[in-house]
Amino acid sequence: MHTSAVLLKGPRDLDVGTLALTAPGAADLVVEVAHSGISTGTEKLFWTGDMPPFPGMGYPLVPGYESAGEVVEAGPMTGFKPGDRVFVPGANCYEGAFGLFGGASRTLVTDSERVTRIDPALGASGALLALAATARHAMAGMNKAVPDLIVGHGVLGRLLARLTIAAGAPAATVWEIDPARRDGAIGYEVLDPEADTRRDYTSIYDASGQGALLNDLVGRIAKGGEIVLAGFYSAPLSFAFPPAFMKEARFRVAAEWTREDLAATRALVECGALSLGGLITHRRPATDARAAYEQAFSDSDCLKMILDWEH
């Protein structure tokens, strides 16, 4: 069995190629992908060649961990059936290519334990479930405070702001330096950082991935306040110790989402408490993958690029 897939052969060397798939087992699903998203965080670092050493990393690589599609073949031990609409957080099923992510493919084979049923009515937005679960993971659990300031109004920042409201907490303030990205707020305020004079935030979530902001953020927290690193940072992080010492600042790293986060996020979406609307700004057919990846990583107007594999 073969498939068309996005193949990242090296930094900035990307195209659509044909790859052989591993044979499915009794606990596996064969999924026809309808839509896959392009991550402007970790995937961009692989595309530029700036990703630090990472387990399972190497070229050639099939990127993508945001895929939604339909089950076309289900093993007897899966509990799924053909026709089920599912979200797939990537797959490692390719001969001759790394599948560290592996979701940007027309067809893929995956362990059914990794797959989550979704409402077909979500359409392309179903591919955003991983990002929403990432935002939920940063916020949920013991000893975690919801944000009162979010840095960055990209997709992750918007999801954090929406989840804060869904949790019944006061709306967070959001910082965004790009005027074009200040639109689209639902129930919260988006400001240029220079226009914000507040310096007593208790919980700042950085969704920008810009580690150079740490000193500025320390200056904005209240004594004992927390800074949550919700992005992905390729360079070592540093900050001036004396200001952090005076504030008794706390730093927390938000890691990858879990299956519990995925299930909880899906429930929020299905009951209407969390909207995934208005986050996809650009779509291209998968045959235009090279141009789609370049635009996703260079065009500030592009919040989320979706590859369409159906056509």
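Predicted model: local features only at pLDDT ≥ 70, side-chain atom pairs only at ≥ 80, totals over all residues.
Student: Why are S1 and S6 said to stand at the edges?

Tutor: The open sheet has 3 strands in the order S1-S2-S6, with antiparallel pairing. Strand S1 (2-10) and strand S6 (94-95) each have a single partner strand, so one side of each is left without a neighbour in the sheet. Helix H7 (residues 289-298) lies across S1 and S2, and runs at about 130° to S2.

Student: How do you know that the largest cavity belongs in the count of cavities of 30 Å³ or more?

Tutor: Its volume is about 40 Å³, which can be set against the limit of 30 Å³ or more, and the count by this rule comes to 2 cavities. Among the residues that line the largest cavity are Leu-8, Phe-46, Trp-47 and Phe-297, and H1 gives the most to this lining, with 3 residues.

Student: What makes Glu-43 a charged residue in the lining of the largest cavity?

Tutor: Glu is counted as charged, along with Asp, Lys and Arg, and Glu-43 is one of the lining residues. By class, this lining has 9 nonpolar, no polar and 1 charged residues, whereas the lining of the second largest cavity divides into 3 nonpolar, no polar and 3 charged.

Conventions
Residues numbered from 1 in each chain as written. Heavy atoms only, no water. Pairing = 2+ DSSP bridges. Helix = DSSP H or I, 4+ residues; strand = E, 2+ residues; numbered from the N terminus. Contact = heavy atoms within 4.5 Å. Axes fitted to C-alpha atoms, helices over the stretch in contact; angles between N-to-C directions. 1 Å grid on protein atoms, 1.4 Å probe; cavity = no way out; pocket = protein on both sides within 12 Å on 5 of 7 lines; lining within 4 Å. Points joined across faces, edges and corners; volume = space filled by probe spheres on them.
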